[in-house]
Amino acid sequence: MAKTKGDIESFNKNWRKKKAKTWFYRGDPQNQIEYAFGQHWSFLKEVIGVPKKGTCVEVGAGRGSLSAFFADNGYDVTLVDLSDEIMVEAKKVFKSLGLAERAKFVVSDAVDLKLPDNAFDVAASVGLLEHFEDSTKVIEEQVRVVKKGGLFTAYVVPKKWSTQNLFQPVNEMLKKTHTGFTAGIKKPNKVPLYRTEYGIEHYKKIMQKIGLENIGGSGVYPYPAISYSPEFPFTVMPPYFEKMLVSVFKNISAYRTKTQKHPWMCEEAVCQGFFIWGTK
């Protein structure tokens, strides 16, 4: 039988290879992944328009990098994930950030959230929906737990061509010729996960059927991930290299603000992923 969703065993194998870490930051981002999450948060505030304060549930939260941005900005957050192992790691992360009192941690399936109706101002996810062949129930469950007038939003990373493909030769070159990047660094050996190829319009139709209003979508993440690991290009490089990349991305973004509503926006055809959103 063909696989129709990401399995928890594969997710757990990948989580076990990682320490309790978050891509949330205060101050300046130290690497390209922190920069990306910071831009996600900026996009949520400036384009999608999340409330300044309230309650938020992040489904498929992992270590809760997005939830940490919400919590640090005054939200009470609930992190939901099917993996009890990663929820243990998320608790460590939030404790280390001084945000534990603002967070609740729930082990639950995305298609059957153990949460009450109409409980949250925002329901959000990062890199979740693309792991389901049919994400209707996943979206319905998040909409169910959102208050009337509340926001549903998701960042989706489909299996598709993007600007990353253009820079794949660069990553291959880093792997083959720049041994200094890999010396003493353990490679992630990431387990491949099931992903769909659906675009923004696919998810808009689902949101329309559910009855959401003010539906929108936009391509985001216009930059490639540059790494010594072509297999998993979101592997962090040495600190000096990462800081250089962040500086380059900031300079490009400053220029892009002249032509874009938000520098993180780009055409869906070339972007790494996209945001979708709607109100209940």
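# A guided tour of the model

Under the rule that a disulfide is a pair of cysteine sulfur atoms within 2.5 Å, the count comes to 1 disulfide. The model is predicted, so local features need pLDDT of at least 70 and side-chain atom pairs count only at pLDDT 80 or more, while totals for chains, interfaces and linings use all residues. Residues are numbered from 1 along each chain as its sequence is written, and side-chain values use heavy atoms, with hydrogens and water left out.

**Stop 1: the disulfide.** Select C266 and C271, whose sulfur atoms are 1.3 Å apart. Both C266 and C271 are buried (under 20% relative accessible area, with exposed over 50% and partly exposed in between, using a 1.4 Å probe and protein chains only).

**Stop 2: the sheet.** Helices (H or I, at least four residues) and strands (E, at least two) are DSSP runs, numbered from the N terminus. Two strands pair if DSSP finds at least two bridges between them. Colour the 8 strands of the open sheet, which has mixed pairing and the order β3-β2-β1-β4-β5-β8-β6-β7. Its edge strands, each pairing on one side only, are β3 (103-107) and β7 (265-266).

Now select residues 146-156 and 273-279: these are β5 and β8, antiparallel over 6 bridges. Y155 stands opposite F275 in β8.

**Stop 3: a helix on the sheet.** Show residues 65-72, helix α3, which lies across β1 (55-59), β2 (76-81) and β4 (120-126). Helix α3 runs at about 170° to β2; axes are lines fitted to C-alpha atoms, for helices over the stretch in contact, and angles run from 0 to 180 degrees between N-to-C directions.

**Stop 4: the cores.** A nonpolar core is a set of buried Ala, Val, Leu, Ile, Met, Phe, Trp, Tyr and Cys residues joined through side-chain atoms within 4.5 Å. Select F43, F70, V77 and F94, which touch the most other members of the largest core, a set of 52 residues. The largest share of this core, 9 residues, comes from α2. Apart from it lies another core of 27 residues, including A110 and I139.

Stay on V77: among the residues it touches are C56, F70 and F94, not counting residues up to four places away in sequence. Contact means heavy atoms within 4.5 Å. C56 is buried, with a relative accessible area of 1%.

**Stop 5: W23.** Go to the loop between α1 (8-16) and α2 to find W23. Is W23 buried or exposed? W23 is buried, with a relative accessible area of 13%. Leaving aside neighbours within four places in sequence, its contacts include F37, R63, F69 and V236.
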